[in-house]
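Here is a quick tour of one protein chain, going from a single side chain out to the overall fold. Have the viewer open as you read.

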Amino acid sequence: MIMIPIIAISNLINGVIAGMLAGRIFLHHRKTHTDEHETTIGAHYFVALYSSLAAMWLLYAVPGIFVSNITTITFSQIVGNVFVYITSIIAVQIVFVSINKKFLGIIASTIILIFGLVYIFGERLYALQYIEVVSSPYVYWHPNSPPWLAIMTGVTAMFGTLIFIATFFAYGLYARGNSAVFSRAIHLAGGMTFLLSASTLYFIFSNSGGLVTTTLASLFGIIGLLVMLRGIQY
């Protein structure tokens, strides 16, 4: 009987879409901003954000689609989790660059970096391989390491996304007299809210690798990217 790696397939779809959206932002921005001296940091940060999410999802798509070796699967999933920390750093950088508080961005990024290093150390310390779970006709893999590592990753993602959501939601309310600015800010906050829901489902409520919650997390993730795209000025 052929087993279907359903979670890996959904992550593959997400990764491809996120990569395509990153490419769209980059190419559209380059086409419409031909002056090489023009400030492009905002668009570049969002290209980095979408690219990091694409890398994360594509790494999550490795099991059952590209490889079946459990050691390779474990390594790819750990590196995928590292991209969660990278994505969180990019998200807080977007926030603090936008409000011209780069020093606060450095502090927040350093906190996330420290947790990322703790995660890597924890995975190295326990060195436990992922476990294959068969729920016919589906197959997926979940971590065998202590739950606190997944929970810490989820909490760190929540830290970055909540800063992002709160800042742009507040900015949208502050600028509600300007419909264009209000719309962009609310779409950014709303899209990141979906991403927050995705990380919460995946890392906290689904730290055992539950099929339904992991699939929902994947769906919420791509909805978040599409909603947030409407708020990016590129």
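## Ser109

In this predicted model, Ser109 counts as buried because its relative accessible area is 9%, and the cut-off for buried is under 20%. The residue sits in helix α4, which spans residues 102–126.

What does the side chain of Ser109 do with its polar atom? A polar atom there lies 2.8 Å from the backbone oxygen of Gly105. Setting aside neighbours within four places in sequence, Ser109 is in contact with Ile89, Val92 and Gln93.

## The second largest pocket

Rolling a probe the size of a water molecule over the atoms shows where empty space is left. Here, the second largest pocket holds about 260 Å³ of space. Two elements, α3 (70–98) and α4, each give two or more residues to the lining of that pocket. The largest share comes from α3, with six residues.

If you want to select the lining in your viewer, pick Thr71, Thr74, Phe75, Ile78, Val79, Val82, Ile120, Glu123, Arg124, Ala127, Leu128 and Gln129. By type, that lining splits into seven nonpolar, three polar and two charged residues.

## Lys31, out in the open

Is Lys31 buried or exposed? Lys31 is exposed, since its relative accessible area comes to 70% and the cut-off for exposed is over 50%. You'll find Lys31 in helix α1, residues 6–32.

## The whole chain

Zooming out, the protein chain has seven helices and two strands.

How does the radius of gyration of the protein chain sit against that of a compact globule? With 234 residues, a compact globule would come out near 17 Å, and the protein chain has 18 Å, so the two agree. Taken along the principal axes, the C-alpha atoms fill a box of roughly 55 × 35 × 30 Å.

Buried residues make up 45% of the 234 residues in the protein chain. And among contacts between residues at least 6 apart in sequence, 75% join residues at least 24 apart.

Definitions and conventions: Residues are numbered from 1 along each chain as its sequence is written. This is a predicted model: local features need pLDDT of at least 70, side-chain atom pairs count only at pLDDT 80 or more; totals for chains, interfaces and linings use all residues. Side-chain values use heavy atoms; hydrogens and water are left out. Helices (H or I, at least four residues) and strands (E, at least two) are DSSP runs, numbered from the N terminus. Buried means under 20% relative accessible area, exposed over 50%, partly exposed in between (1.4 Å probe, protein chains only). A polar contact is a pair of N or O atoms within 3.5 Å; within protein, one must be able to donate a hydrogen and the other to accept it, and residues adjacent in sequence count only if both atoms are side-chain atoms. Contact means heavy atoms within 4.5 Å. On a 1 Å grid over the protein atoms alone, a cavity is a set of points where a 1.4 Å probe fits but cannot get out, and a pocket is an open set with protein on both sides within 12 Å along at least five of seven lines; lining residues have an atom within 4 Å of a point. Grid points are joined across faces, edges and corners, and a volume is the space filled by probe spheres set on the points. Ala, Val, Leu, Ile, Met, Phe, Trp, Tyr, Cys and Pro count as nonpolar, Asp, Glu, Lys and Arg as charged, and the others, Gly among them, as polar. The radius of gyration is taken over C-alpha atoms; the globule rule is 2.2 Å times the number of residues to the power 0.38.
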